[in-house]
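Subject: A structure for you to look at

Hi,

Here is the structure I promised to pass on to you. Please open it first, and then read my notes beside it.

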Amino acid sequence: MRGIARFLGPLAMAAALAGCVGPTMPAPMPPVQPAAPTADGVLSPRDAARNFVYVVERLEPVAEAVCMERAARGTNCDLDIAVDTRPGLDPNAFQTVDRRGRPLIVFTLSLIADARNADEIAFVLGHEAAHHILGHIPRRQQTAAQGAMLGTVFGQATGADPATLQELQRVGAEIGARRYSQNFELEADALGAEIAWRAGFDPVKGTGFFLRLPDPGDSFLGSHPPNARRKAQVAAVVAQLQSGQPM
């Protein structure tokens, strides 16, 4: 959980570092509890930090277990969850891999501060973990490469000059990468909702984030589906889980 210490303060630092305590360190503090909701929904920085640590402690092992159950053989399921502490960044979370190939999920401070409750953080964390479990990064890279190849073929067939050919490759790669982006987001919403639910959170309540996000609409090349469609997806998954039906 690199980067968290500069933001979370003494209480959250102790919880965040509990798994890394050596024999000369003091005993870890009791588990962090979620912050109570406020009348206006806005949490103090301390309570926002408390919720984040609480969610990571409960959800990370569940996400790693789901990864070992469902990810492709050979997938690294040792998640690294970090906070980008640079000020002024927009609310955001994303999944990538570090130089050693370890899956990395990064939250910005502003996203943590904007969350109204632990369920919202849990849904976002489950969603980003699902991107890794479902192999969306390599799948996106593959579709981008296919798009770039089609751009090359089209450019060569039309006798494009080198500069135009390069632009066609770039546009083809972008279209290829975006072609399945909305499906990837819905897949991650579904599995992320299941991960959050299995960790004891309410994914439907967690989709409250969508009420504060601009709606991307239904653009053909949009990278995200309409918010209403995503909320409906999560609600359907939770209903199925509550009914006891297998996913």
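How are helix 2 and helix 7 oriented to each other, and which word describes it? They are oblique to each other, because angles under 35 degrees count as roughly parallel, over 145 as roughly antiparallel, 65 to 115 as roughly perpendicular and the rest as oblique. Before going on, please note that this is a predicted model, where local features need pLDDT of at least 70 and side-chain atom pairs count only at pLDDT 80 or more, while totals for chains, interfaces and linings use all residues. Residues are numbered from 1 along each chain as its sequence is written, and side-chain values use heavy atoms, with hydrogens and water left out.

The whole chain

The protein chain has nine helices and three strands. Here helices (H or I, at least four residues) and strands (E, at least two) are DSSP runs, numbered from the N terminus. Along the sequence the pattern reads α-α-β-β-β-α-α-α-α-α-α-α. Of the 247 residues, 43% count as buried; buried means under 20% relative accessible area, exposed over 50%, and partly exposed in between, with a 1.4 Å probe and protein chains only.

Helix 2 and its two partners

Two packed helices are described by the angle between their axes and the distance between the axes. Axes are lines fitted to C-alpha atoms, for helices over the stretch in contact, and angles run from 0 to 180 degrees between N-to-C directions.

For helix 2 and helix 7, the angle is about 130° and the axes are 9 Å apart. Their crossing is right-handed, a term used if the near helix is turned clockwise from the far one by less than a right angle, with anticlockwise giving left-handed. Helix 2 brings Leu59, Val62, Ala63, Val66, Glu69 and Arg70 to the contact, and helix 7 brings Leu191, Glu194, Ile195, Ala196 and Arg198. Contact means heavy atoms within 4.5 Å. By class, this contact has seven nonpolar, no polar and four charged residues. In this scheme Ala, Val, Leu, Ile, Met, Phe, Trp, Tyr, Cys and Pro count as nonpolar, Asp, Glu, Lys and Arg as charged, and the others, Gly among them, as polar.

Helix 2 (residues 45-70) also packs with helix 4 (residues 118-133), at an angle of about 30° and with the axes 9 Å apart. That makes helix 2 roughly parallel to helix 4. The residues in contact include Phe52, Val55 and Leu59 of helix 2 and Ile121, Leu125 and Ala129 of helix 4. By class, there are 14 nonpolar, three polar and one charged residues in this contact.

The core

A nonpolar core is a set of buried Ala, Val, Leu, Ile, Met, Phe, Trp, Tyr and Cys residues joined through side-chain atoms within 4.5 Å. In the largest one, with 38 residues, Phe52, Val55, Leu59, Phe107, Leu125, Ile195 and Phe201 touch the most other members. Helix 2 gives the largest share, ten residues.

Gln95 lies in strand 2 (residues 93-97) and is buried, with a relative accessible area of 11%. Its C-alpha is 4.5 Å from that of Ile105, ten residues apart in sequence. Beyond neighbours within four places in sequence, Gln95 is in contact with residues including Leu104, Ile105 and His131. Leu104 is in strand 3 and is also buried, at 12% relative accessible area.

Enjoy exploring!
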